Every structure is written in structure tokens, then in C-alpha cells.
Amino acid sequence: MNRPPALITRYRHLLPVTDATPVISLGEGGTPLISLGRLGERYGVRLFAKFEGMNPTGSFKDRGMTLAVSKAVERGAQAVICASTGNTSASAAAYAARAGMRAAVVIPDGKIASGKLAQALAHGARVIAIDGNFDQALTVVRELAESSDIELVNSVNPFRIAGQMTGAFEVCDALGAAPDALCIPVGNAGNITAYWAGFRAYKAAGTVAGVPRMMGFQAAGAAPLVLGHPVAHPETVATAIRIGNPASGPQALAAIAESDGSIAAVTDAQILDAYHLVSRTEGVFCEPASAASLAGFVMRAEAGEFTPGQTVVCVLTGHGLKDPDTAVADVPAIVRIPATTSAIERAVFDG
């Protein structure tokens, strides 16, 4: 498949790079903006999914990681490190391998989807599991990065946020304008911060005339921004957003306020309903955390939040194969029948 040029190359004029910045790329970006026509018709809007699962390691993290690792190489760092619930670890490991660097990832023991853990291990990262949650892991790696020549590549790294702005650029490029609303999952809150920065940058450059309302959605069991205080023991089926104290929380709340947007919580049941809905209705297979954006859209649409004909984009942050255990946990049973034409025909139409 022919992909557009590397993100750093495509959007160099809007990114913090110089001629001295190497381009460490795996062909990230250029992900499809998929029309969700059947669901949009149901709710009376033009509905789209920005499917970030089509990035090289299967999540939106690659957008920021290409820039963070490129800048790490530029400054001469010898290794990268991150705390992760999964997607960051997979992306950091892949881009470090691409750059010929060491990578270490610190994860909450037993709290990472198997598909993501497999990726980090396959790319040669040193995976360190701690007896604690993501927030504790992030505290530890931040302290380590401050006292050593290791580049921290979590979203507290400003180059991660800068790279992730390109998602907003691509949405506007595909639509020819900014959408009326952007629905996005919120975990550590870097992505909603980055998208808002991207929309503002495109408006400032005169590329688009307006900006969307930023509508963030957290899992009900891990909703510190909704509750107004950290959650000591976050729990949700959406492991990628199982974060109780978002590092970019203040920036996310500012984005919501400045855009006249909103932050809300969706339950695990709503997330899984949306996860199955988009897969079975539109053929798009995302991981559960991604479906928080669609779950939030459905909740808001049913409450009459959107004007008929508005353009709404849901960011689906990762591919469904990231979490194979959830994918097979709640699906119809495999039908076992004799190897005859009549039996197969009955199974097709009677099921």
C-alpha cells in the first residue's frame, strides 16, 4: 500500500523540527476518515471515524512517537523509556528499534492487553512490570528520566503532543474544513490536548475557518476529569484509558472550555455496546478504549446534543486486534455442523 510521506515531512512547517532533525518513521499517519453512513443516518448527522488503528503499530501513539524518537536521536539520547497501559509501549518499542536505540517500558502488572504486550516484546523492549497502577509507573519513569540520559516518551514529552496534532490536520484535510464536533476517548489526556492544538494551529495558519467542539469521554471507572479529583484505583474494560490521574488533565480541561466542549463518563456496558455496534454495523474493528468516543457520541446524540446535518468525527484510537481477549469474550459461538451444502445453508440463514 502506498502511504503519504512521513508525518514529519508532510507537516514540517507546523512541527518543531529543523534541518538537523532526523526522520525516524514507519510510515505513520494517512489513516482513513471513514464515513459511518448507517450510524450517521440513524442520528441525523454526517458521522465519521478517524481510524487510528491503521497506523504502523495499530494506534494513534505512532504520530507522537515518530517525532519524540526523532528528537531523542537528534539530541543524542541512548535509550527511551515510558510508562504504559499498552499502546505507548508498543509504539515506543517499534520506533526505538527503528532508530537503533534501547527501549524500556514500565507497565502495571496484569493490566495490559495481550496484543500490546506482545508487540513491545517482539520489538525487543525491556518490559518491566510493577506492582502498581499506571499513575505510579509514570511517576517512577519521570523521576528516572530527570536523572539520566534516557528520553521519556510519554505524552508529557512536548514532542509527543506536537506529533499528535497531525491527526487534527488530517481530519481537516479530508473534510476540507473543521468538523462541528470531535468525540475522543480521554485517558492520560494527551490526545485531546493535541487535537485541540492542531485545530487551533490550522485555524491560525488560515487553513480552516473554525474549530470543533471538543467532546471528551472517560470510562466511568476511570473518570478523574469528570469527578474533579484523581481516582486511586481506576478500573475499566477499556485498558488504554484506565488512568486515574491524567498527566495532561489541565490542558484537556482547557481545551474543553476554550472550544465550548464537554467531558463526560461512559460505562463499560456503553463502551462494549459501541465496540460491537461499529464493528457489526460499519465493519470497523477498534479496541474497547477507542469505542468510548462512539459510546459518548451515541449518548450525546440520544440526548439531542447535535443539530441535524452537523459533521461529527469520532476518533477511534486503536485497532481491535490490540485486545484479542475482549474480542472473543462476547461473540456468537462457532457453529459446528456436518460438511454438507444443506447443513451450511441452514446455518447461514437460520442463525
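This is a predicted model: local features need pLDDT of at least 70, side-chain atom pairs count only at pLDDT 80 or more; totals for chains, interfaces and linings use all residues.
Student: What is the order of the strands in the open sheet, and which are the edge strands?

Tutor: The open sheet has 6 strands in the order E1-E2-E10-E7-E8-E9, with mixed pairing. E1 (33-35) and E9 are called edge strands because each pairs on one side only. From one strand to the next, the twist averages 25 degrees.

Student: How many bridges join E7 to E8, and how many join E7 to E10?

Tutor: E7 and E8 (residues 213-219) pair in the parallel sense over 5 bridges, with Leu182 standing opposite Met214 of E8. E7 and E10 (residues 311-316) also run parallel, joined by 3 bridges, and Val312 in E10 is the bridge partner of Ala181.

Student: Why is E7 called mostly covered?

Tutor: Buried means under 20% relative accessible area, against over 50% for exposed and partly exposed in between (1.4 Å probe, protein chains only), and 5 of the 5 residues of E7 (residues 181-185) are buried. Both faces are covered, with Ala181, Cys183 and Pro185 buried on one side and Leu182 and Ile184 on the other.

Student: What makes Val153 and Lys71 count as buried?

Tutor: Val153 counts as buried because its relative accessibility is 0%, and Lys71 because its relative accessibility is 12%. Val153 lies in the loop between E6 (150-152) and H7 (158-164), whereas Lys71 has its place in H3 (residues 61-75). Leaving aside neighbours within four places in sequence, Lys71 is in contact (heavy atoms within 4.5 Å) with Pro16, Val17, Thr21 and Phe159.

Student: What makes H13 largely enclosed, and what span does H13 reach?

Tutor: Because 9 of its 12 residues are buried, H13 is largely enclosed by the rest of the structure; among the buried residues are Leu294, Phe297 and Val298. The expected span of a helix is 1.5 Å times one less than its number of residues, and H13 (residues 291-302) reaches 16 Å from its first C-alpha to its last, close to the 16 Å expected. Gly304, which follows H13, has a positive phi, near 80 degrees.

Student: How many residues has the largest nonpolar core, and which have the most contacts inside it?

Tutor: A nonpolar core is a set of buried Ala, Val, Leu, Ile, Met, Phe, Trp, Tyr and Cys residues joined through side-chain atoms within 4.5 Å. The largest such core has 37 residues, and those with the most contacts inside it are Leu47, Cys183, Leu294, Phe297, Phe306 and Val312. H13 supplies the largest share of this core, 7 residues. Beyond four places in sequence, the contacts of Leu47 include Leu294, Phe297 and Val312. Apart from this core lies another, of 32 residues, among them Val171, Phe199, Ile256 and Val315.

Notes: Residues are numbered from 1 along each chain as its sequence is written. Side-chain values use heavy atoms; hydrogens and water are left out. Helices (H or I, at least four residues) and strands (E, at least two) are DSSP runs, numbered from the N terminus. Two strands pair if DSSP finds at least two bridges between them. Axes are lines fitted to C-alpha atoms, for helices over the stretch in contact, and angles run from 0 to 180 degrees between N-to-C directions.
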